[in-house]
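Have the structure open as you read.

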Amino acid sequence: MAPALDHTIVPSHDKVVAAQFISRIMGMEYEEPFGHFQPVKAGNGLSLDFDTRDEFERHHYAFLVSDNEFDAILKRVKDEGVVYGSEPGNQTNGEINHKHHGRGFYFRDADGHSWEVITHTYVRE
């Protein structure tokens, strides 16, 4: 078995606000605090452990979803007025892409992290 990513830390100016936003937009489970982290459960058991920090680099998080999940996430993004776009360099054009035989889009959270939602992996089989 190949190693599997268990958790990653997502730095934020306010871990609770950031975790609530991502869990709501992405349809993920908002969990009880774990130590000083505010976890959000993604697929395959991955935990996004939000942590409050004053300074941090911005990161990119990409999620592979089904077509139905994609539609639901995009609807929540639109309903909340979150700016989104079709390209990493253009996350504000209000469009989705159709790359790699699927669909995708990007959006930024209040901390400047880039979140990507795709229906087909970029990884070659």
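1. Strand 5 (60-64) and strand 8 (114-118) run parallel, with 5 bridges between them. Two strands count as paired if DSSP finds at least two bridges between them, and the elements themselves are DSSP runs numbered from the N terminus, with helices being H or I of at least four residues and strands being E of at least two. In this pair, histidine 60 sits opposite serine 114 of strand 8.

2. A word on the model before going further. It is predicted, so local features need pLDDT of at least 70 and side-chain atom pairs count only at pLDDT 80 or more, while totals for chains, interfaces and linings use all residues. Residues are numbered from 1 along each chain as its sequence is written, and side-chain values use heavy atoms, with hydrogens and water left out.

3. On its other pairing, strand 8 meets strand 7 (104-108) in the antiparallel sense, again with 5 bridges. Glycine 104 faces isoleucine 118 across this pair. The two strands make a hairpin with 5 residues between them, where glycine 112 has a positive phi near 90 degrees.

4. Put together, 4 strands give an open, mixed sheet in the order 5-8-7-6. Strand 5 and strand 6 (84-85) are the edges, each pairing on one side only. Strand 6 joins strand 7 through 2 antiparallel bridges, and tyrosine 84 stands opposite phenylalanine 107 of strand 7.

5. Helix 1 (15-26) packs on it, touching strand 5, strand 7 and strand 8, and its direction makes about 160 degrees with that of strand 7. Helix 2 (67-79) lies across strand 6, strand 7 and strand 8, at about 35 degrees to strand 7. Contact here means heavy atoms within 4.5 Å; axes are lines fitted to C-alpha atoms, for helices over the stretch in contact, and angles run from 0 to 180 degrees between N-to-C directions.

6. Helix 1 is worth a look by itself. Its 12 residues reach 16 Å from first C-alpha to last, close to the 16 Å expected, where the expected span is 1.5 Å times one less than the number of residues. Aspartate 14 caps the N-terminal end, with a side-chain oxygen 3.2 Å from the backbone nitrogen of valine 16. Just after the helix, glycine 27 has a positive phi of about 75 degrees. The buried residues of helix 1 are Ala18, Ala19, Phe21, Ile22, Ser23, Ile25 and Met26.

7. Of its 26 residues, Met26, Leu48, Phe50, Phe63, Phe105, Phe107 and Trp115 touch the most other members. Helix 1 gives the most to this core, with 6 residues. Phenylalanine 50 touches, among others, Ala18, Ala19, Ile22 and Trp115, leaving aside residues up to four places away in sequence.

8. Two residues have a backbone angle to check. Most residues other than glycine have a negative phi. Asparagine 44, which is not a glycine, has a positive phi of about 60 degrees; it lies in the loop between strand 3 (38-41) and strand 4 (47-52). Asparagine 44 counts as exposed because its relative accessible area is 85%. Histidine 101 also has a positive phi, about 65 degrees, without being a glycine, and its place is in the loop between strand 6 and strand 7. Histidine 101 is classed as exposed because its relative accessibility is 78%.

9. Last, histidine 120, in the segment after strand 8. Its contacts are Leu64, His100, His101 and Gly102, not counting residues up to four places away in sequence. The side chain of histidine 120 reaches the backbone oxygen of histidine 100 at 2.9 Å. Why is histidine 120 called partly exposed? Because its relative accessibility is 31%.

Notes
Buried means under 20% relative accessible area, exposed over 50%, partly exposed in between (1.4 Å probe, protein chains only). A polar contact is a pair of N or O atoms within 3.5 Å; within protein, one must be able to donate a hydrogen and the other to accept it, and residues adjacent in sequence count only if both atoms are side-chain atoms. A nonpolar core is a set of buried Ala, Val, Leu, Ile, Met, Phe, Trp, Tyr and Cys residues joined through side-chain atoms within 4.5 Å.
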